[in-house]
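Subject: Structure for you to look at

Hello,

Here is the structure I promised. Please open it and keep it beside this message.

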Amino acid sequence: MKKDQAKILKKVSKINTDLLKLLSENKEFKQEIQEIRKKFKIPKDGFKENKDAEEWFQKLEKKSDKIMDNETFNLKERTLFEKKRKGEFETNTNFEKILNSFKRKNIPLIDFQETVKDIIRKYKLPNNFYDAIRLYIMYGKFNFVPSANFSIGFDARKNQIYLVPYNRLTRDEGIFAINELNRAMQNVKNRKAEVFKNFNYARAEENLKPYYNINRDIRIAKKMERRFKKYEEEPSFYLKKVKERYGQKEYEKAKKKQSVEGLQTTKKTIFKYTSEEIAEEELGNKNKAPTVRKAYERYKKRQNFV
């Protein structure tokens, strides 16, 4: 059983790692991460040393604590709660939104935490990717990847155990999750269980699978995106002879005349960097160009973050 669980966790870790690898190649994501680092005074490529990251975080906490101890801040916060007590907010959700906005605007630590959550929401990532994104912003690499897409918790007030799926579970992972839930329930009297079926199913419609050959496909995609078309003018036979016999000046006159008469010079399209060349480099055979194009199409399809 333990061997089966290890296999399931390895597969889930591979799926999640692949998702983060694809995300790290997304141009918009890259740009946003750079802007976030600049805003929060994090090095362009992230911290290289743990002590530097810890020092940065301690400063962020210290600055935030100082603001929360400030009387002006506390007065404004109390004013919001007083307005809530008087019923000046239409709904509790409306109050929470305004309170969160107020805190985010004033407290750097909360602003950083909410910024990470913004990335999670924008790129359709499950909530359990929070630490992966937070650490990527800080260090420039994915130091943490979730190996399970669910968690099990206990609500002492309700004497209830709950299972939270963060994403669509594979069949085997679903069985594993239920087994873990049943095991946890054995230690609770009058046990109740609840499964939160719609908890941030960011990619509920997708049947996520490991992306085999992902590193190769990323290399191919980068090379395919470097391709460009180069257009070269190729004069007609007549114009070539004019140029050879009478020189550049007469050539330009004849060319202009041909253009007026509808006998415009032809254009030849040349690929500067072809899929055949990429196939030769990556697969060792230029005849495998169709495989290269399919790999690129597959990569683009999996890059559906926004």
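Below are notes on aromatic rings, a helix pair and one lysine.

This is a predicted model: local features need pLDDT of at least 70, side-chain atom pairs count only at pLDDT 80 or more, and totals for chains, interfaces and linings use all residues. Residues are numbered from 1 along each chain as its sequence is written, and side-chain values use heavy atoms, without hydrogens and water.

Rings first. The structure holds eleven aromatic pairs (Phe, Tyr or Trp rings, the six-membered one for Trp, with centres within 6.5 Å; planes under 30 degrees apart are stacked, over 60 edge-to-face, the rest tilted). Phe 40 and Phe 112 pair edge-to-face, at 5.3 Å between centres and 75° between planes. They sit 72 residues apart. Both are buried (under 20% relative accessible area; exposed is over 50%, partly exposed in between; 1.4 Å probe, protein chains only). Ring pairs join Phe 40, Phe 47, Trp 56, Phe 57 and Phe 112 into a cluster.

Next, the helices (DSSP runs of H or I, at least four residues, numbered from the N terminus). H4 (residues 71-85) and H5 (residues 92-106) pack at about 175°, axes 11 Å apart (axes are lines fitted to C-alpha atoms over the stretch in contact; angles run from 0 to 180 degrees between N-to-C directions).

Last, the lysine. Lys 223 lies in helix H9 (residues 214-224). Lys 223 counts as buried, at 15% relative accessibility. Its side chain makes a polar contact with the side chain of Glu 281, at 3.0 Å (N or O atoms within 3.5 Å, one able to donate a hydrogen and the other to accept it; residues adjacent in sequence count only if both atoms are side-chain atoms).

Best wishes

How values were computed:
Helix = DSSP H or I, 4+ residues; strand = E, 2+ residues; numbered from the N terminus.
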